Amino acid sequence: MSFFGNVQLAPPVAVFKLSADFRADENPKKINLGVGAYRDDDGKPWVLPVVSKVEKQIALDSSLNHEYLPIKGLPEFCDAATKLALGESKCVSEDRAAGVQTLSGTGALRLAADFLFQTFPAETTVLYSNPTWGNHLDIFKRAGFKNLAPYSYWSGDIKAADVSKFVSDLEAAPDRSIILFHSCAHNPTGADPSAEQWEQLAQVVRAKNHFPIFDTAYQGFASGNPDKDAAALRSFADAGFEMMICQSFAKNFGLYNERCGNLVTITQTAQILDNVRSQQELIVRANYSNPPAHGARIVSTVLNTPELNAEWRQNIKEMSDRIDLMRNELRSRLEKLGTPGQWNHVTDQIGMFSFTGLNPDQCNFLKNERSCYLMSNGRISMAGLNSKNIDYFAQCVDEAVRKIQ
Amino acid sequence: MRRTQRIVQNISRASSIWSDVPMGPPDAILGVSEAFKRCTDSNKMNLGVGAYRDDQGKPFVLPCVREAEAQIQAELVDHEYLGITGLPAFTQAAAKLAFADAGNVIADGRNVTTQAISGTGALRIGSAYLNAFSGGRTVFLPRPSWGNHNPIFTHGGNKIDNFAYYDKNTCGFDAAGCYDELRNKVPNGSVVVFHACAHNPTGVDPLPEQWKELSAICKEKDFLVFFDMAYQGFASGSVDQDAFAVRQFVDDGHNILLSQSFSKNMGLYGQRTGAFTVVCKDSEEAARVESQIKILIRPMYSNPPAHGARIASKILNDPNLNAQFSGDVKGMADRIISMRTQLKAGIESRGNPHNWDHITNQIGMFCFTGLSPEQVAKLTADHHVYLTKDGRISVAGISSKNVDYLANAIHEVTKMKFRAKIEKTTKIITFSQLAAVIAKLSNETILRLSKKKVYLIQSVSASEEGVLWCDIETKSLFTEYIYQGYVAPGFDEDEIILELSAADLCRALEFGNQEKVCPRDLKMKLSKEVVPGAKNQTKMANTGNPVLAFQIQFEQVKTGRKMVVSREIPIKVVSKKFWADYKEPLMPKFNMSIFMPTLSKVRVMVDKIKCLSKTVIVRANPEGTLQFRTKNAMQKISVNFHNLEKPVWEGEATPDEAEASVRIPTRLSNDLITALSQ
């Protein structure tokens with residue numbers, strides 16, 4: 001008898017399935033708009049020049065070894081990452097904010113969720129964006145939370161974030177709920193609140209004693225300027241909230257597969273922070289003992305070396321500019337084609353993704369009939385577009401919108 | 001436009017969400033490392049961390065790893081996401097490394113192998129998988145096990161328990177206890193965790209035959225077996241030898257779970273490179289299991305880190321690098337094995353009486369020394385050697401430069417210590433007389449020291465006719481009595497047993513004419529022979545030969561002048577395996593008991609009759625008559641003592657018989673009476 005004879009076949013993760021279908025497609029015009037990884041104008045993966053440079057240095061440096069990192073990770077990495085998120089916020093100088101190195105953004109969210117489940121009442125409600133990144137819900141569920149509820153975010157009518165509904169949902173939620181925010185370049189919609197809207201959100205979070213946790217997967221990648229992209233984080237931190245920030249270096253360093261992330265916790269006092277981090281350390285120990293060194297070493301070297309840091313800022317600007325260009329090109333093409341509907345949201349949105357507003361049938365048509373692989377919720381990865389395929393894609397979208405209602 | 005802007009000014013300081021979060025306990029190993037860092041002694045040693053060090057005590061990057069990294073750097077590699085289950089070239093090679101062709105697992109496509117965040121991450125996926133699909137089976141860990149096993153399985157939501165594994169007395173595998181508990185304590189169908197090789201923390205592995213027995217028991221009991229393989233190749237130097245248990249179980253038809261780490265055997269500690277495997281019934285089941293494992297990994301960390309997996313994959317898949325890897329891993333294992341040999345020899349050469357076979361019998365990174373927490377504390381405090389309280393040392397932390405230092409340190413904290421003092425002249429004299437008695441009876445004498453009593457035992461080997469026992473309450477004789485012995489099997493407390501020449505002891509305690517020179521103070525201690533050093537050395541040299549050293553202070557009765565005399569007698573430490581010979585005999589059953597008449601009278605009489613025969617017959621009756629009698633062909637002579645008192649014995653009285661008699665050699669009767677009448 002097998003111990004696992006009754007294990008059921010689970011459905012594949014949608015985004016990985018989309019990539020697999022893409023790879024199997026033989027149409028030379030096929031476009032992959034699924035995975036959130038940057039592509040250059042030739043549609044190729046792009047290793048940031050500054051990353052290549054540092055990796056060469058590391059490979060040649062015989063003084064480096066493969067010893068274990070501390071459980072909380074490479075200290076100079078955590079410090080630099082925390083500073084990248086919070087800038088000159090006084091919580092840093094007051095030792096009330098510090099990071100624990102994690103397995104990229106997912107690992108940061110999971111560590112946060114595991115820790116919060118240990119410290120909050122089990123019935124605490126976790127509010128997540130509707131829509132949100134597919135993994136958010138699972139992460140908090142697996143950590144043990146039972147009460148998960150969406151807050152309103154995307155409005156199909158205005159093709160933007162409906163912040164007044166967002167605010168009223170936070171007001172309606174039980175006091176001391178956990179609110180999961182996207183700090184910039186909302187995934188999947190690409191629509192972010194304005195500074196004034198963030199202020200409204202902060203007020204309701206304070207009034208309701210909610211706990212804010214920020215998923216920060218695109219700092220610098222969104223606008224091309226890491227400080228600009230950290231505005232929401234820093235304003236919350238300066239306002240004195242206890243909060244968490246889940247940082248990923250997958251996109252802004254192109255270190256997708258090195259699993260480099262950081263969980264920043266901000267507390268009221270330095271002593272509370274020490275206690276909190278000691279508990280986070282126990283969770284890490286039981287999950288994977290200590291984090292992988294390679295990615296952290298690269299990021300740490302870049303952030304802590306002024307010349308390399310400047311070079312990195314150039315590199316992300318280059319990525320961000322290309323994405324911006326593609327947004328403008330796509331919008332102008334659709335407007336030129338007279339494609340029914342408004343297309344200003346394509347350029348209003350920011351970051352890796354655009355929520356096109358295409359419906360599932362239109363998406364399926366694009367995927368099945370035109371080899372344009374996008375998620376069925378209408379999300380496209382802007383990085384998948386380039387000067388060679390943008391005409392074809394605009395035509396296909398035009399066709400889909402006209403043909404299928 | 002989004003700008004940095006103060007959102008809410010001066011949030012009132014509501015109480016922190018986390019004011020009640022307590023400080024978590026510090027990691028034991030980390031504590032050891034930090035104490036080590038603070039220590040400023042130049043001889044300090046860190047034997048806590050389980051990472052390999054070369055003979056210079058430095059972190060070691062395997063040459064095959066350097067080569068693989070150079071090759072990877074030369075290729076144009078990107079940093080795109082790996083799949084949820086990792087780099088296929090790596091996971092396939094890892095499975096092959098573990099199973100080879102055992103059980104046709106790989107050929108039949110029955111293994112689901114996913115990349116994991118090294119061994120811990122692999123165990124953690126296993127833990128989540130068991131929690132989700134094993135139907136609440138309890139996970140049984142060996143006693144003891146790696147400290148992190150408990151949190152990993154508990155954090156995953158499983159109940160845990162344990163089974164016997166390690167035998168404290170032998171510092172070896174407790175086969176009988178282990179079989180018994182697996183058969184009788186662990187419920188059918190439980191999850192049982194084994195360390196595939198180089199058990200952490202004990203370094204104690206079952207023998208191949210014992211693994212086969214374990215496999216049979218696990219089959220019988222329908223256990224789900226989870227192997228933690230963190231040291232493949234690192235233990236014996238051969239990846240195949242170290243995979244014996246895993247392959248045996250799979251060959252025997254067990255569908256095991258397996259966690260693999262490449263931290264130790266490839267030295268990829270910080271790159272978190274590992275794999276988790278479920279062996280399934282068939283490939284159809286494997287597809288279902290794999291789909292569920294992806295669901296578990298995705299909300300943990302989405303997908304694994306590539307760097308280490310790329311290195312390991314290159315090494316395992318490239319024949320040249322693979323060959324180099326075999327040599328590299330053997331080099332590490334050989335150095336560890338050599339350190340074990342040298343450490344054992346170093347301790348033994350100092351005359352340490354403990355058994356240190358387990359140092360070389362154990363295998364892998366760690367050695368469970370068997371040191372007590374007190375001894376560990378002394379090792380750290382006196383010798384700056386840092387290790388965990390359980391007495392585990394990382395053998396990789398030892399080098400040819402400090403192995404002797406460590407051997408000496410371990411010897412110092414485990415060697416026997418004894419120091420005693422008598423401060424009253426009459427008591428010193430009593431002790432001296434005792435020595436004289438013993439010296440008359442035998443050449444070799446046993447000196448047995450325990451907490452409450454000191455025993456002088458006439459050596460069994462010197463006299464076949466009898467054993468003389470003499471015990472002294474330490475409190476009645478000594479004003480100071482400090483010692484550290486050790487506990488032998490069958491003994492309740494720690495003791496010291498020494499062999500020495502009775503004549504030496506007698507001479508050491510000879511005081512001459514006590515009316516002129518009187519001993520006032522006697523100190524004795526276990527020590528080492530000290531001889532004058534070589535020509536240019538002013539220091540005295542230590543030969544290492546154990547001695548019992550005496551320091552006696554005499555006082556000239558007339559002048560009151562004091563002088564100190566030092567005397568040393570060579571001793572031999574009795575091996576623990578012979579200790580049982582010197583356990584106090586129980587009071588033998590006797591037929592008759594009677595007080596002896598004044599011994600000087602007996603001697604006069606017996607002396608007179610003993611020339612008649614080689615034996616003397618001693619007879620007694622319950623009325624209090626004692627008779628010494630000899631006879632030869634011509635005559636019988638007896639000496640009779642009447643109306644002797646009968647002693648009262650503690651506890652159960654043995655009933656006296658009507659009459660009892662014994663025949664003893666004349667020579668011995670003489671010795672006996674002489675000795676007793678001193």
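1. Which side chains meet in a salt bridge with an N to O distance of 3.0 Å? In this predicted model, the partners are A:Asp21 and A:Lys17. Both residues belong to helix H1 of chain A, which spans residues 14-24. They are four residues apart, or about one turn of the helix. A:Asp21 has a relative accessibility of 27% and counts as partly exposed. A:Lys17, at 38%, is partly exposed. As background for the student, side chains of opposite charge can pair when their charged atoms come close.

2. Over all chains, the structure holds 46 salt bridges. One of them joins B:Arg53 to A:Glu67, with the closest N and O atoms 2.7 Å apart. This pair crosses between chains. On the chain B side, B:Arg53 sits in the loop between strand S1 (45-46) and helix H2 (63-74). On the chain A side, A:Glu67 sits in the loop between H2 and helix H3 (75-86). Both B:Arg53 and A:Glu67 are buried.

3. A further salt bridge is formed within chain B by B:Glu220 and B:Arg183, whose closest N and O atoms are 3.6 Å apart. B:Glu220 lies in helix H7 (residues 208-220) and B:Arg183 in helix H6 (residues 175-184), so the pair ties together parts of chain B that are 37 residues apart in sequence. B:Glu220 counts as exposed because its relative accessibility is 53%, over the cut-off of 50%. B:Arg183 is partly exposed, with a relative accessible area of 32%. Elsewhere, salt bridges that share partners join A:Asp41, A:Asp42, A:Arg322 and A:Lys388 into one network.

4. The next point concerns helix packing. Two packed helices are described by the angle between their axes and the distance between the axes. In chain A, helix H2 (residues 49-60) packs with helix H13 (residues 306-337) at an angle of about 145 degrees, and their axes are 8 Å apart. H2(A) contributes A:Pro49, A:Val50, A:Lys53 and A:Val54 to the contact, while H13(A) contributes A:Leu308, A:Glu311, A:Trp312 and A:Asn315. Sorted by class, the residues of this contact are five nonpolar, one polar and two charged.

5. Which residues of helix H19 of chain B are buried? In this helix, which covers residues 599-609, they are B:Val602, B:Val606 and B:Ile609. These residues lie on the same side of H19(B), because they cover an arc of only 60 degrees around the axis. On the other side of H19(B), B:Lys601 and B:Lys608 are exposed. The student may wish to view this helix along its axis.

6. A:Thr125 lies in strand S3 of chain A, which spans residues 125-130. Is A:Thr125 buried or exposed? A:Thr125 is buried, because its relative accessible area is 13%, under the cut-off of 20%. When residues up to four places away in sequence are not counted, A:Thr125 touches A:Asn147, A:Ala149, A:Pro174, A:Ser177 and A:Ile178.

7. Finally, a point on annotation. According to UniProt, in an unreviewed entry, the feature "domain: Aminotransferase class I/classII large" is placed at residues 43-410 of chain B. Over residues 43-410, chain B is 45% helix and 15% strand. The end C-alpha atoms of this stretch are 14 Å apart.

Definitions and conventions. Residues numbered from 1 in each chain as written. Chains lettered and ligands numbered in written order. Predicted model: local features only at pLDDT ≥ 70, side-chain atom pairs only at ≥ 80, totals over all residues. Heavy atoms only, no water. UniProt positions renumbered as here; feature names shortened; annotations may be inferred. Helix = DSSP H or I, 4+ residues; strand = E, 2+ residues; numbered from the N terminus. Buried < 20%, exposed > 50% of the residue type's maximum accessible area, 1.4 Å probe, protein only. Arc of directions from axis to C-beta. Axes fitted to C-alpha atoms, helices over the stretch in contact; angles between N-to-C directions. Contact = heavy atoms within 4.5 Å. Nonpolar A, V, L, I, M, F, W, Y, C, P; charged D, E, K, R; others polar. Salt bridge = Lys/Arg side-chain N within 4 Å of Asp/Glu carboxyl O.
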